[in-house]
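Subject: Structure handover

Hi,

Here is the structure I promised to pass on. Please open it first; my notes follow below.

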Amino acid sequence: MSKQLIVEYMPFRPIGSLTESSGASYGIPGGFVVQGVLQRAGAKNQNGRVYPKQILERECRRYQQEYISQHRALGELDHPESSVVNLNNVSHNVLKIWWEGDDLQGAVQILDTPSGKILKELFRAGITLGISSRGLGSVKELRNEGTVEVQEDFELICWDFVSNPSTHGAFMRPSHMHESINKNNVKPNKYASVHETITSILCEDGKCRI
């Protein structure tokens with residue numbers, strides 16, 4: 001079976017405060033770090049795909065050794081159709097991963113790059129976001145209708161932060177921000193909020209860099 005680009009969407013629910021002090025516990029004073037579930041093993045996802053836990057565990061050990069421990073576990077903002085991480089679009093660096101049952105948890109540093117600044121402001125604005133793994137591998141159709149299983153040749157590339165309205169259930173809004181909006185009985189246009197946030201970052205001091 002030939003390898004193909006495999007992407008996996010998950011809701012990302014940040015744990016803890018979304019402030020510049022969140023990186024202190026990871027030795028990054030003034031850094032912006034978010035935590036949450038990166039991926040889930042053994043469960044059928046929205047795309048009808050199942051990742052066996054032993055395969056994800058193997059790839060996480062490799063990713064820890066080859067990328068996280070070398071401080072180069074980079075990811076992008078939105079999903080490129082490529083098996084290569086584009087440094088021009090890098091927004092974050094994975095600092096730590098660990099298992100809690102079948103959930104793979106992670107701590108992610110948001111970088112001070114152009115894409116990282118956009119990602120940081122989207123988090124602060126309470127915009128719904130998803131986390132998505134990117135990898136290469138093959139899949140095998142199971143007897144259960146509409147279910148395919150990721151095979152042993154799977155190779156994890158990275159995790160990206162994404163926004164994809166066509167994927168049901170792959171989004172989140174930080175709970176404390178959601179409650180704050182509801183208390184004021186405001187129903188913002190989330191797409192307008194995204195546009196305003198990105199424009200404010202790219203057009204600082206009246207000079208647009210687009």
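Where in the chain is the place of His71? His71 sits in the loop that runs between α1 (53-68) and β4 (74-76). Keep in mind that this is a predicted model. His71 has a positive phi of about 55°, although it is not a glycine. Its relative accessible area is 53%, so His71 counts as exposed.

Now the partner of that residue. The side chain of His71 makes a polar contact with the side chain of Asn93, at 3.4 Å. Asn93 belongs to strand β5 (residues 90-100). Is Asn93 buried or exposed? Asn93 is buried, at 2% relative accessibility. Leaving aside residues up to four places away in sequence, Asn93 touches His71, Arg72, Ala73, Leu74, Ala107, Val108, Gln109 and Leu111.

The chain as a whole

The chain has four helices and 10 strands. Read from the N terminus, the order is β-β-β-α-β-β-β-α-β-β-β-β-α-α. Of its 210 residues, 46% count as buried. The chain exposes about 11200 Å², and carbon and sulfur atoms supply 49% of that area. Take the contacts with a separation of 6 or more: residues 24 or more positions apart account for 67% of them.

Confidence

Please check this part before you set anything up. The mean pLDDT of the chain is 76, and 66% of the residues score at least 70.

Strand β6 (residues 103-110) has eight of its eight residues buried, so the rest of the structure largely encloses it. Both faces are covered. On one side, Asp103, Gln105, Ala107 and Gln109 are all buried. On the other, so are Leu104, Gly106, Val108 and Ile110.

How many bridges join β5 to β6? There are eight, and the two strands run antiparallel. Trp99 stands opposite Leu104 of β6. The hairpin of β5 and β6 has two residues between the strands. Gly101, in that hairpin, takes a positive phi near 65°.

Strand β2 (residues 32-40) also pairs with β6 in the antiparallel sense, over eight bridges. There, Val33 has Gln109 in β6 as its bridge partner.

An open sheet

Three strands form an open sheet with mixed pairing, in the order β3-β9-β8. Glu141 stands opposite Val148 in β9.

Aromatic pairs

The structure holds four aromatic pairs. Two of them deserve a look.

Tyr63 lies in helix α1 and Trp159 in strand β10 (residues 155-162), so the pair ties together parts 96 residues apart in sequence. Both Tyr63 and Trp159 are buried.

Next are Phe123 and Phe161. Their ring centres are 5.5 Å apart, with the planes at 90°, so this pair is edge-to-face. Phe123 is in helix α2 (residues 114-124) and Phe161 in strand β10, and the pair links these distant parts of the chain across 38 residues. Phe123 is buried, with a relative accessible area of 0%. Phe161 counts as buried, at 0% relative accessibility.

Which residues form one aromatic cluster? Tyr63, Tyr67 and Trp159 do.

Over to you.

Best wishes

Note on methods: Residues are numbered from 1 along each chain as its sequence is written. This is a predicted model: local features need pLDDT of at least 70, side-chain atom pairs count only at pLDDT 80 or more; totals for chains, interfaces and linings use all residues. Side-chain values use heavy atoms; hydrogens and water are left out. Two strands pair if DSSP finds at least two bridges between them. Buried means under 20% relative accessible area, exposed over 50%, partly exposed in between (1.4 Å probe, protein chains only). A polar contact is a pair of N or O atoms within 3.5 Å; within protein, one must be able to donate a hydrogen and the other to accept it, and residues adjacent in sequence count only if both atoms are side-chain atoms. Contact means heavy atoms within 4.5 Å. Accessible areas come from the Shrake-Rupley method with a 1.4 Å probe; for residues, only the protein chains shown count as cover. pLDDT is the predictor's confidence in each residue, from 0 to 100. Rings of Phe, Tyr and Trp (its six-membered ring) pair if their centres lie within 6.5 Å; planes under 30 degrees apart count as stacked, over 60 as edge-to-face and the rest as tilted.
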